[in-house]
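User: I would like to learn how to read aromatic ring pairs and the surface of a protein model. Could you take me through the general idea and then the case at hand?

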Amino acid sequence: PFSPRELLARIRAVLRRRVPESAGGLVKIAELQLDADTYRVSWQDKPLKVGPTEFKLLQYLMRHPERVHTRGMLLDKIWGDHVYIEERTVDVHVKRLRESLGDAGAMIETVRGAGYRLTGSPAV
């Protein structure tokens, strides 16, 4: 049994979400490259290991660069409506993604009070 507050949060989350986005093809921003067909990510032509959720997150961010995405938007697009996940879970996956990307991790910027953005020219 959920508290009324928890139940309302879950209902809102479900209403807000749709099926996650998925698309094939190659995306390249600066020296970061993602190939959705072969499930490969590389930075400066060196292969990187990225987990499945982080791959989907990176793919979405790379397909919509320079735009700020709220945690809620990312939950909708990456996880879809079949799960209930706390918005802070996005932070954990962004942190893991940055770690997986190594030097390219700087391309994922935190926009304070708003969300995250992937940029080809990070402010290092």
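Analyst: The accessible surface of the protein comes to about 7,600 Å², and carbon and sulfur atoms hold 53% of that area; such areas come from the Shrake-Rupley method with a 1.4 Å probe, and for residues only the protein chains shown count as cover. This is a predicted model, in which local features need pLDDT of at least 70 and side-chain atom pairs count only at pLDDT 80 or more, while totals for chains, interfaces and linings use all residues. Residues are numbered from 1 along each chain as its sequence is written, and side-chain values use heavy atoms, with hydrogens and water left out.

User: What share of the 124 residues is buried?

Analyst: Buried residues (under 20% relative accessible area; exposed is over 50%, partly exposed in between, with a 1.4 Å probe and protein chains only) make up 36% of the 124 residues.

User: How is a pair of aromatic rings described?

Analyst: The distance of the centres and the angle of the planes describe such a pair. Rings of Phe, Tyr and Trp (its six-membered ring) pair if their centres lie within 6.5 Å, and planes under 30 degrees apart count as stacked, over 60 as edge-to-face and the rest as tilted. By this rule the count here is one aromatic pair, a stacked one between Tyr39 and Phe55, with 4.0 Å centre to centre and 20° between the planes.

User: Which parts does the pair tie together?

Analyst: Tyr39 lies in the loop between strand E2 (32–35) and strand E3 (40–43), and Phe55 in helix H2 (residues 52–63), so the pair ties together parts 16 residues apart in sequence. Helices (H or I, at least four residues) and strands (E, at least two) are DSSP runs, numbered from the N terminus. Tyr39 is partly exposed at 46% relative accessibility, whereas Phe55 is buried at 2%.
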